Amino acid sequence: MQPSNANGVYANFINGKWQPAASGETFENRDPANGELIGTFPRSGAADVEAAVAAARAAFDGWRLTPAPKRGEILYRVGHILQERKEDLARAMTREMGKVLMETRGDVQEGIDMAYYMAGEGRRLFGAVVPAELPNKAAMGVRDPLGVIACITPWNFPMAIPSWKTMAALIAGNTVVLKPATDTPLSALNLAQAFADAGLPPGVLNVVCGTGSEVGMPLVRHPQVNGISFTGSNAIGREVNVAAAEQFKRVTLELGGKNAIIVMDDADLDLAVEGILWSAFGTTGQRCTACSRLIVQRGARRELEARLVERARALRLGHGLDDATQVGPVINASQRASIHRYVGIAQDEGAKVLCGGNFAEEGDLAKGTFYQPTILSDVTPQMRVAQEEIFGPVLSVIEVATLEEAIAVNNDTRYGLSSAIFTRDINAAQVAMRDLTTGIVYVNAGTIGAEIQLPFGGTRGTGNGHREAGLGALEFFTEWKAIYIDYSGKLQRAQIDS
Ligand code: NAD
């Protein structure tokens, strides 16, 4: 399974072969829970990007002309292989980026689900057949692939996000160059190995490891790259979008979130507590859909706060491979410092720390980058902690009086990814479903846990209007071509002849 040599030295996957960076340079990746070395990976540059794009370009015609159901058969095999290797892949991922084993198994499972879903699309890829306005004439719309797609991915879903992107791109007939985050190259290489073992032709999928400036931006700017599928932060997403605009490239951006759970006075509080803890502290708060705001109606606030604080204090931090661990480390030291800065900013603005609020460094935790699950109270909607993405285990409690106020507070941020409401009132739930302006809405569940058969993405600053997964993905990865077939044997002129 491991595409490395015996010394933990990993390579890029270009044109079906494992290759070091042309420069020979490498970077290290370490376990954020204890600092252990995971391996060394190629620190690639322009020459590697050139080789990968050339391979993808050369493979494009062969792949585009492979019937989509046959492309799907390869994806089915990828799904089977990931299923067989699920436990090993999950363990490798936990060591690579810290989230607990239960969650890394789920991350691999998303790859499996997407493989099967997109394999099925190989027998659909629906187009449109419509009547022509002239006699003896046929009209239809078909989907063409874009060409070479660059997929640039973050570290928090190291196999799921690369799977979402590559599998949708490939089933549509595109070829791909994937650049994973520098914190999680191994899971992307493991995915490439599954594709290779499933019989994907050389060059159809390539993986180039390295930094955003040395690999990501050269890919975005490369004239032979036709489309860019990016998931990451707003700051980098903007740079990618601006650079791609110079060549009128199609770009999908899946960016940050500031997701909220609304809890009404009539809610089932037992259920709400479970949903909030899972959404706020699962993946150590490092999900784009993580709940970072709790918008609670006045009557439920005190009891909910008390119960959440008790439960958050009891969460067990540790290495994600330990079955007893509920919360793993933060991805790296600079992210932990950023989280801690936000807690300070919140206090300066008048918020109160109910629990947590500092590094967790007792015993073995000192070896890693752990942060205490943190709950902030007396937060008001315009404070920076209520507006900006923190991307860590920090929950801000905002009190409201009514459903209308709760919805207004939810909608008033620059992000619009996920939101949730806990209520037993069907009318309140209906109003929330109608008026919450996020791309994903949950009723009586937390803000995390999207399923792959529905479109995934957000409104406002969370992206640029595209959706991943479900049918939405194929809209991005295909170009419509309208075809008219005139079998009248004479020149007929649309809009002119009647
Ligand atoms: P990031 O923006 O720092 O990096 C994302 C990717 O972009 C990495 O592969 C990185 O190497 C690359 N990159 C960096 N600079 C680049 C440049 N100049 N040009 C091209 N590529 C460049 O994000 P991150 O820290 O890895 O991930 C966390 C962010 O991702 C959070 O904001 C989170 O909300 C977001 N995210 C969004 C979704 C979603 O679907 N909306 C899902 C997961 C994560």
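Good morning. Helix H7 (212-221), strand E10 (227-231), helix H8 (234-245) and helix H11 (333-348) each supply two or more residues to the lining of the largest pocket in this structure. Helices (H or I, at least four residues) and strands (E, at least two) are DSSP runs, numbered from the N terminus. A pocket here is an open set of points on a 1 Å grid over the protein atoms alone, with protein on both sides within 12 Å along at least five of seven lines, whereas a cavity is a set of points where a 1.4 Å probe fits but cannot get out; lining residues have an atom within 4 Å of a point.

Before I continue, a word on the source. This is a predicted model, in which local features need pLDDT of at least 70 and side-chain atom pairs count only at pLDDT 80 or more, while totals for chains, interfaces and linings use all residues. Residues are numbered from 1 along each chain as its sequence is written, and side-chain values use heavy atoms, with hydrogens and water left out.

Let us turn to the domains. The assignment for the protein chain gives domain 1 (12-255 + 463-482) and domain 2 (259-443); such bounds come from an automatic or database domain assignment. The C-alpha centres of the two domains are 31 Å apart. Across the boundary, 22 residues of domain 1 are in contact with 26 residues of domain 2, where contact means heavy atoms within 4.5 Å.

Of its 37 lining residues, Pro154, Trp155, Gly232, Ser233 and Ile236 lie nearest the centre. H7 gives the most to this lining, with five residues. By class, the lining has 17 nonpolar, 15 polar and five charged residues. Here Ala, Val, Leu, Ile, Met, Phe, Trp, Tyr, Cys and Pro count as nonpolar, Asp, Glu, Lys and Arg as charged, and the others, Gly among them, as polar.

The second largest pocket has a volume of about 340 Å³. Its lining draws at least three residues from each of domain 1 and domain 2. There are 23 lining residues, and nearest the centre are Glu110, Phe157, Arg287, Gly449 and Ala450. Which helix provides the largest share of this lining? The answer is H4, with seven residues. The classes are nine nonpolar, five polar and nine charged.

We come next to the cavities. There are two of 30 Å³ or more. The largest cavity holds about 80 Å³ of space, and among its 14 lining residues Gly285, Ala290, Ser292, Glu389 and Phe391 lie nearest its centre. The second largest cavity holds about 40 Å³. Its lining includes Lys258, Arg293 and Tyr415.

Is Thr374 buried or exposed? Thr374 counts as buried because its relative accessibility is 0%; buried means under 20% relative accessible area, computed with a 1.4 Å probe on protein chains only. The side chain of Thr374 reaches the backbone oxygen of Gln372 at 2.6 Å. Leaving aside neighbours within four places in sequence, its contacts include Phe281, Val343, Cys355 and Leu395. Thank you.

How values were computed. Points joined across faces, edges and corners; volume = space filled by probe spheres on them. Buried < 20%, exposed > 50% of the residue type's maximum accessible area, 1.4 Å probe, protein only. Polar contact = N/O pair within 3.5 Å; in protein donor to acceptor, adjacent residues only side chain to side chain.
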